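Let me put the model up, and then we can walk through it together.

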Protein chains: 2
Amino acid sequence: MSDGAQFRQVAPVRLYQRIVEQIEQAIARGDLKPGQRLPSERELVTQFGASRPTVREALRVLESNGLVRSRHGDPNGPEILPFSSDRMTKEMARLVQFDNVSIAELISFRMILDGSASLLAARLRSEEELSAMERTLAVMADAIETGYEEFSKADVAFHEAVAVASRNSLIEVCNQVVRGAVLSLISDKVAHAHNSTALMRESLRHHEEVLEAIRAGDGPAAASISRRKLYEYYAGYVPEDERGPLLALMDDEEG
Amino acid sequence: MSDGAQFRQVAPVRLYQRIVEQIEQAIARGDLKPGQRLPSERELVTQFGASRPTVREALRVLESNGLVRSRHGDPNGPEILPFSSDRMTKEMARLVQFDNVSIAELISFRMILDGSASLLAARLRSEEELSAMERTLAVMADAIETGYEEFSKADVAFHEAVAVASRNSLIEVCNQVVRGAVLSLISDKVAHAHNSTALMRESLRHHEEVLEAIRAGDGPAAASISRRKLYEYYAGYVPEDERGPLLALMDDEEG
DNA sequence: CCGTTATCACTGGCCTGACCAGTAAGCTCA
DNA sequence: TGAGCTTACTGGTCAGGCCAGTGATAACGG
């Protein structure tokens, strides 16, 4: 085996791919900013020197990737979209669906992410972020009477606020994704089971504890409480013989 | 505002999307398994009752999403691909590029994932998994003389083995994704900077410490060492004023 | 008899040209 | 001035065609 040169595998490059690349790079470079418009398909045909079906294939791919959006009849042409994590959300949903990820794994992962978010938030939060969290808890408190719909929304908002305060957008995005995945797996059960004032009140108390730890700057405590809260909330949906990993995530901070 | 009915927003559904949906669902249901083939484009045209450009748009989208692959001239038709996290890796790379995710956030996230993987592995690992980790370390030891290429590969294999032992495929995939993203951002620097015997020896020692903690079943220690190791390894690539979150992830187990 | 090679039917990649439906700007007219 | 209509574009879809690449199979040579 010669060490002189390293060769990469090659694959035939389709025309539409070249087009996708060019547009992607233009967006990445900032030459095309969200809100701006691409030339019309027929104009792109002349610019790229390809046929309309080919240009359209490229546009469909870009559209599927959330980079642009074509609207039938829009005289301004396809629109450059702002970045969104929807795409990754979809990807992770696919991961869960195809890679037979168990609900135990999902919840375990949520415990990790949420715990870490709380830990970081406790260290890094600003006063403003702190009061943002307080506001979501106030909404939750009000929503106990209003109904589970509102309560759940405020719940999500709280976790979102914590994630923001952790100053790590990956945590934010992943947490959001996993939360969505969990909910989609147990949504109907949750809607009925947790639609009780007592449970909401308990949940609110847990959230308050987390917030208190974050306010106190006690990261480990915030993380521990977050994880425990999630465990208690969701353990019922996990078969008993799969709860080991969840427990393993909790009993480390107190031994 | 009437509470009677909830309406979702609608968008015109393109024909190619219906095709994508149908094929996606067939794969999700398991009617189409990896390795199997789709009918030829012309056959799909008759089955879906759409024109060839439309069918092709659908195939390009599916291809871009990593679900199928068309090969020019292949008489067997497009191939159903096995699930792969490549797509998510690319997505995350895009996230980093467009959503101004800093390298600090990436490394912080890696510390979280890797730490959690070590923690869980310490609790859940089987003897076999333990010896798998040992084997990768042995390869690393050998590779110190061989070169950084081999060493790095074994390094990855070790982390992979730990992730597997954590029994959480989400950790496994995400860690892999983030590792890829980090490397793609600092690849050239690393290739040169760490191509030193002393550094490799040091890295190996760190890995051995982690393994020891995992073998001892000491989750917190394994997690703490993992995180510290990553910090020391990568902190150099993070601007000093962004290292706060990284440090926040470490000083909790020892206070 | 078996391995090699050439054939060929079919594949995907790409193009042309056309028709319809939707959009919004500008015009008309009250 | 403002509401409606016209119109010149847009994207969505189709039919049909050409070329190049692939792989099973048939013909071939040892």
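So, start with A:R56: one of its polar side-chain atoms lies 2.9 Å from a phosphate oxygen of DNA strand D. I'm calling that a polar contact, meaning a pair of N or O atoms within 3.5 Å; within protein, one must be able to donate a hydrogen and the other to accept it, and residues adjacent in sequence count only if both atoms are side-chain atoms. Before going on, some housekeeping: this is a predicted model, where local features need pLDDT of at least 70 and side-chain atom pairs count only at pLDDT 80 or more, while totals for chains, interfaces and linings use all residues. Residues are numbered from 1 along each chain as its sequence is written, chains are lettered from A and ligands numbered from 1 in the order in which they are written, and side-chain values use heavy atoms, with hydrogens and water left out.

Okay, back to the DNA.

How many residues surround DNA strand D? There are 26, and the closest are A:R42, A:R52, B:R14, B:L15 and B:R71. Near here means that a heavy atom of the residue lies within 4 Å of the strand. By class, that surface has 5 nonpolar, 9 polar and 12 charged residues. For the classes, Ala, Val, Leu, Ile, Met, Phe, Trp, Tyr, Cys and Pro are nonpolar, Asp, Glu, Lys and Arg are charged, and the others, Gly among them, are polar.

Helices (H or I, at least four residues) and strands (E, at least two) are DSSP runs, numbered from the N terminus.

Now the two chains. A rotation of 179 degrees with 0.1 Å of shift along its axis superposes chain A on chain B, with an RMSD of 0.6 Å. That is the relation of a two-fold axis.

Last stop, pockets. On a 1 Å grid over the protein atoms alone, a pocket is an open set of points with protein on both sides within 12 Å along at least five of seven lines, and lining residues have an atom within 4 Å of a point. Points are joined across faces, edges and corners, and a volume is the space filled by probe spheres set on them. The largest pocket has a volume of about 1,600 Å³. It is lined by 40 residues, with A:E63, A:R69, B:R14, B:Y16 and B:Q17 closest to its centre. The largest share of that lining, 6 residues, comes from α1(B).

The second largest pocket holds about 1,400 Å³ of space. Among its 40 lining residues, A:R14, A:Y16, A:Q17, B:E63 and B:R69 lie nearest the centre.

Notes
Least-squares fit on C-alpha atoms with pLDDT ≥ 70 in both. 1 Å grid on protein atoms, 1.4 Å probe; cavity = no way out; pocket = protein on both sides within 12 Å on 5 of 7 lines; lining within 4 Å.
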